[in-house]
Amino acid sequence: MDRNIVRASREDPQRSSTDIQMVVKTPNEVTPSLRTVRRRLQDAGLHGRRPAKKPSISKKNRIARVAWARAHLHWGRQDWANHVFSDESKFNLFGTDGIKWIRRPVGCRFDPSYQLQTVKHGGGSVMVWGCFSGTSIGSLRRITGIMDRFVYEDILENTMRPWARSTVGRAFVFQQDNDPKHTSKHIKEWFRRRHVDLLDWPSQSPDLNPIEHLWEHVERQLRGVRASNANQKFDQLQDVWQAIPMSVIDTLLDSMPRRCQAVIDAKGFPTKY
């Protein structure tokens with residue numbers, strides 16, 4: 001029975017104690033109590049944890065991630081000085097999307113077997129776009145409705161480009177992920193027409209983009225702060241965004257070699273970043 005309890009958990013780490021109790025139940029044996037199930041799992045080193053969320057990364061993209069990480073492993077802050085990092089993010093009006101738990105051994109948080117797929121952008125939230133460079137933090141742009149290639153072009157033309165030219169210089173290099181609207185022919189033509197250089201970016205690599213940690217910084221600052229509507233939430237986001245000190249940016253850029261090394265060590269799988 002003890003072996004069956006452990007096996008049921010390892011077959012599906014998302015099973016709850018109640019689920020496992022039902023799986024191991026047999027007509028010829030006494031059904032273990034939930035307390036016994038939990039105790040046996042803990043004895044086996046299988047503890048309930050919040051799972052690390054991850055995208056499902058294909059072999060092709062894992063190879064590309066490692067190649068990119070090797071190429072940029074020894075870049076320092078000066079090498080990144082003229083680069084602009086960008087991203088969109090969702091912020092819920094009322095707390096998080098909910099906590100899910102998984103049962104795993106200690107030290108296995110980033111093992112792909114114990115991670116959950118991410119689902120991007122739900123409802124009851126505010127979507128924003130932001131960017132930063134080694135010298136400045138750009139404006140936070142609110143996204144209302146569906147962000148298609150035309151909305152993205154407006155952001156690039158009227159928010160990103162003026163800010164980048166005034167703070168970084170004409171020779172800035174722009175980073176974006178490989179979202180379809182970012183790589184559409186319409187947007188490619190905008191980059192060509194405006195003579196904007198793009199940083200070659202591996203797909204499915206949020207852990208290589210330091211702006212992800214800026215979103216986490218904003219989320220932490222607003223933890224426990226409620227908003228009654230989307231307008232109030234955006235005002236809160238703007239206040240926190242504009243107050244981010246440059247020391248945070250310096251720390252993020254200094255982390256780039258470690259991010260690259262982590263991707264190399266993980267053979268392209270998701271990392272702690």
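Trp 80 is buried, at a relative accessible area of 0%; buried means under 20%, exposed over 50%, and partly exposed in between, with a 1.4 Å probe and protein chains only. Trp 75 is partly exposed, at 26%.

Before I go on: this is a predicted model, where local features need pLDDT of at least 70, side-chain atom pairs count only at pLDDT 80 or more, and totals for chains, interfaces and linings use all residues. Residues are numbered from 1 along each chain as its sequence is written, and side-chain values use heavy atoms, leaving out hydrogens and water.

Now the rings. There are 9 aromatic pairs in the structure. Rings of Phe, Tyr and Trp (its six-membered ring) pair if their centres lie within 6.5 Å; planes under 30 degrees apart are stacked, over 60 edge-to-face, and the rest tilted. Trp 75 and Trp 80 have ring centres 4.6 Å apart and planes at 50°, so this pair is tilted. Both belong to one aromatic cluster, along with Trp 68, Phe 85, Phe 132 and Trp 201.

Next, the core. In soluble globular proteins, nonpolar side chains tend to be buried together. A nonpolar core here is a set of buried Ala, Val, Leu, Ile, Met, Phe, Trp, Tyr and Cys residues joined through side-chain atoms within 4.5 Å. The largest has 33 residues, and Trp 68, Phe 132 and Trp 241 are among those with the most contacts inside it. Apart from that core lies another, of 18 residues, including Trp 129 and Trp 190.

What does Trp 241 touch, leaving aside neighbours within four places in sequence? Its contacts (heavy atoms within 4.5 Å) include Gly 130, Leu 214 and Val 218.
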